[in-house]
Amino acid sequence: MSKVTSVTGAVIWSLVILGYGTLFCLGSLDNARGPYFQDIILDLGLSDTQASVLFAMTSSMGFIAGRLVPRWVGQFRLVPVVRGGLLVMGVGFASISLAHSLLGLAVTSALFGLGFGILNVAENLLILEGAKGPVRRRLFSGLHGMYAVASLISPLIPALLFKLGWGWRDAFVAYLTIVLLGL
C-alpha cells in the first residue's frame, strides 16, 4: 500500500469538506459586515460607538456559544450541530437587515453571533473527527487557509452589489445564499 493511499484512507472526506465549506461561509459573512458599516450607521442614525454593537454582540454571543458546543455535540452529534449553526448564522445575518434601531441591531447581531460561535468551534471538531494521523495537521492548516480565501473573495461581493445598486439590507439577505449552499 502506498503512503498516499494510507494517508487518504485516514480521512472522512465528507466531514473535511463540510468543515472547509463551513469556514468559507463563516469567513464570507464575517468579512461582509465591514463594507456596509457606514451604510448601517447612516440608515439607523447611530453613532460609530452605537453601531459597533454589530461586532460586539456577535463576538460576545460567539464566545458564549463556543463554550456550549461540546455539550451540544454530545447531545445532538456533530453534523447536526454544524448544520444548525449554519442555519442560525445565516438567518441571524439576514435578520440584521430587519433592524430599525439599536436594540434590533443588537438582537439580530446576537443571533448571528450564536451561529458564528457554534461554527468557530465545530469546524475544528469536523477536522478532528474526520482526519487521523499526519494528514490531520495539514488539513487543519488548510482549514484556516479557507478563512483567508473567504477574506480575499468577500470584498468582491459587496463591490458587485454596490455596482448593482443594492443597499445593505438587500445585501445582507442575499448573503443567505452562501449559507444555503453550505447546508
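The structure is a predicted model, in which local features need pLDDT of at least 70 and side-chain atom pairs count only at pLDDT 80 or more, while totals for chains, interfaces and linings use all residues. Residues are numbered from 1 along each chain as its sequence is written, and side-chain values use heavy atoms, with hydrogens and water left out.

Helix H2 covers residues 13-44 (helices are DSSP runs of H or I with at least four residues, numbered from the N terminus). H2 has 32 residues and spans 44 Å from first C-alpha to last, close to the expected 46 Å (1.5 Å times one less than the number of residues). A bend of about 55 degrees occurs at Tyr36, taken as the angle between axes fitted to the seven residues ending there and the seven starting there. Gly45, with a positive phi near 65 degrees, follows H2.

H2 packs against helix H5 (residues 78-95) at about 20 degrees, the axes lying 11 Å apart (axes are lines fitted to C-alpha atoms over the stretch in contact, and angles run from 0 to 180 degrees between N-to-C directions). The two helices are therefore roughly parallel (under 35 degrees; over 145 is roughly antiparallel, 65 to 115 roughly perpendicular, and the rest oblique). Contributors to this contact (heavy atoms within 4.5 Å) include Leu18, Cys25 and Arg33 of H2 and Val82, Met89 and Phe93 of H5. By class, the contact has 11 nonpolar, two polar and one charged residues (Ala, Val, Leu, Ile, Met, Phe, Trp, Tyr, Cys and Pro are nonpolar; Asp, Glu, Lys and Arg are charged; the others, Gly among them, are polar).

With helix H6 (residues 102-130), the H2 axis comes within 9 Å and crosses at roughly 160 degrees, so H2 is roughly antiparallel to H6. Here the contact comprises 15 nonpolar, four polar and four charged residues.

Helix H8 (residues 156-163) packs on H2 at about 40 degrees, with the axes 9 Å apart, and the pair is therefore oblique. Pro35, Tyr36 and Asp39 of H2 meet Pro158, Leu161 and Phe162 of H8, giving five nonpolar, no polar and one charged residues.
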